[in-house]
Amino acid sequence: MTQPPTFVLFGATGDLARRMLFPSLYFLHMEGFLEEGQKIIGSSRSEYPDEEFREKMRPWIKERTGEYYDEATFNTFAERVSYVAVDASEPAHFARLRDALNDGQDEAVFYLSTSPSIFSAVCDALNEHGLSKAPNRIVVEKPIGHDLQSCIEINDTLASAFSEDRTYRIDHYLGKETVQNLIALRFANRIFEPLWSASSIDNVQITISETVGAEGRGGYYDAYGAIRDMVQNHMIQLLCLMAMEPPASLSADAIRNEKVKVLRSLAPITPANVQDKTVRGQYIEGHDSDGKSCLNYLDDVEATHSDTETYVAINAEIKNWRWAGVPFYLQTGKRMSERKTEIVVSFRPLPHSIFDSPASPNELVITLQPKEEIKLQIMNKRPGLIEGSMPLQELSLNLSLSDHLSAIGENRRRIAYEQLILDALRRNASLFVQRDEQEAAWRFIDGIVDSWDKRNMTPMPYKSGRDGPPGKHSLTERNGHSWYE
Ligand code: BG6
């Protein structure tokens with residue numbers, strides 16, 4: 001029997017490893033997705049004997065997995081885990097890793113849950129120790145760059161050791177069940193495709209609102225802001241999945257090539273139109289939905305001055321045959337009134353109405369978080385006897401995926417990383433971001449950031465607990481639209 005790939009996690013004591021990666025590996029083990037003999041190696045700078053590291057891991061997993069934590073399951077999981085101390089700046093330490101991988105003979109998936117500043121040292125050392133050879137692969141996390149140039153540099157570093165088909169770039173949104181479901185919704189149902197274009201669709205809105213602020217992440221967040229932290233990756237991925245052409249198959253290349261085409265069709269935002277096409281905001285003091293008072297952004301990031309946006313809205317135009325003239329409004333913000341990820345597809349009004357009562361245009365509302373729900377708003381006759389013209393009312397066809405999951409006993413909400421780790425182990429790259437896609441996304445974002453600088457467009461304040469600055473409405477109203485509420 002061949003040895004299944006070993007999962008090597010650099011940054012094994014970091015926040016992501018504790019909260020997401022080890023708990024995801026535990027769940028994969030619990031559900032039988034890890035193969036017999038499949039090993040996990042945790043790695044970071046500090047020295048720990050294997051046993052001590054396993055004990056360190058126990059409370060992380062216990063806390064995140066809650067009612068699913070089981071002592072016996074943890075013990076069998078822990079048997080898979082060993083620890084190798086590696087300081088990325090010490091190439092000689094990689095010899096230890098090589099030993100742990102059976103003198104480099106075992107297939108390995110290297111997951112870099114570390115700062116990108118050490119990617120280069122890690123890639124060089126893996127190369128020197130013969131650990132970057134096929135079929136070994138590398139998995140990297142955002143932030144991959146701060147702009148196009150730095151993204152290209154990181155990608156060149158990765159490419160110096162791993163070919164593109166062995167480079168897995170994570171956007172954890174793609175691991176979410178509901179985000180994957182967008183592909184099923186669009187391409188496993190006949191009814192949507194004939195309507196899925198500018199002839200029937202008036203505008204599309206994608207909102208990711210969060211109640212959390214930037215507290216505790218000051219340095220990183222203040223250098224990135226909402227546009228780089230959320231739009232460049234998660235929002236752009238949602239936009240691509242909504243707008244792409246039907247791929248020829250579900251293969252990684254087929255899907256990713258269609259996404260790149262969307263990105264290349266995005267109309268650049270320039271200094272001439274940035275004030276009409278974008279809104280920037282920064283939260284100030286306010287109250288959350290429970291009435292608790294919240295600090296302003298500057299206090300949260302311990303700064304005296306900052307022009308970093310915590311809210312951004314963009315009117316993105318996709319210049320191709322399918323979408324010409326249909327605005328895709330994107331908005332995301334921290335410290336908003338509720339946590340919600342939602343996509344709203346608004347259809348065009350009736351070409352001609354035979355009713356006296358107004359008919360609202362149909363809307364398809366896809367809620368991805370926190371509830372998983374798909375609603376189609378449709379017009380109906382208001383029940384009752386008619387005197388005169390037929391009265392109408394809007395009702396919704398409602399599909400609650402959350403209720404369906406509870407009904408079939410699937411109550412556990414999966415961690416997005418479970419699917420992504422499994423795919424990396426199984427060599428399925430369709431839910432990972434390819435280089436072209438990432439660089440095209442940065443090109444679009446750089447255009448916006450550069451235009452903000454040139455036009456001196458600083459963020460408008462909004463109270464914590466509100467849904468962005470009041471000025472956000474002009475973005476949609478300019479085209480006769482309004483934000484879905
Ligand atoms: C991360 C961002 O990528 O996504 C965070 O860095 C953000 O700022 C998070 O809070 C949101 O992810 P989720 O899965 O909670 O919607």
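Predicted model: local features only at pLDDT ≥ 70, side-chain atom pairs only at ≥ 80, totals over all residues.
1. Contact here means heavy atoms within 4.5 Å. Leaving aside neighbours within four places in sequence, Arg 322 is in contact with Arg 186, Glu 193, Trp 196, Ser 197, Ala 198, Ala 243, Glu 245 and Pro 246. A polar atom of the Arg 322 side chain lies 2.7 Å from the backbone oxygen of Trp 196. Arg 322 counts as buried, at 10% relative accessibility (buried is under 20% relative accessible area, exposed over 50%, partly exposed in between; 1.4 Å probe, protein chains only).

2. Residues are numbered from 1 along each chain as its sequence is written, and side-chain values use heavy atoms, with hydrogens and water left out.

3. The structure holds 25 aromatic pairs (rings of Phe, Tyr and Trp, the latter by its six-membered ring, with centres within 6.5 Å; planes under 30 degrees apart are stacked, over 60 edge-to-face, the rest tilted). Tyr 220 and Tyr 224 are stacked, at 4.7 Å centre to centre and 25 degrees between the planes. They sit four residues apart in helix H8 (residues 218-243), so about one helical turn separates them. Tyr 220 is partly exposed at 23%; Tyr 224 is buried at 14%.

4. Tyr 221 and Tyr 297 form an edge-to-face pair, because their planes are at 65 degrees, with centres 6.2 Å apart. This pair links distant parts of the chain, 76 residues apart. Tyr 221 is buried at 1% relative accessibility, and Tyr 297 is buried at 0%.

5. One aromatic cluster is formed by Tyr 26, Phe 27, Tyr 68, Tyr 69, Phe 74 and Phe 77.

Technical notes
Polar contact = N/O pair within 3.5 Å; in protein donor to acceptor, adjacent residues only side chain to side chain. Helix = DSSP H or I, 4+ residues; strand = E, 2+ residues; numbered from the N terminus.
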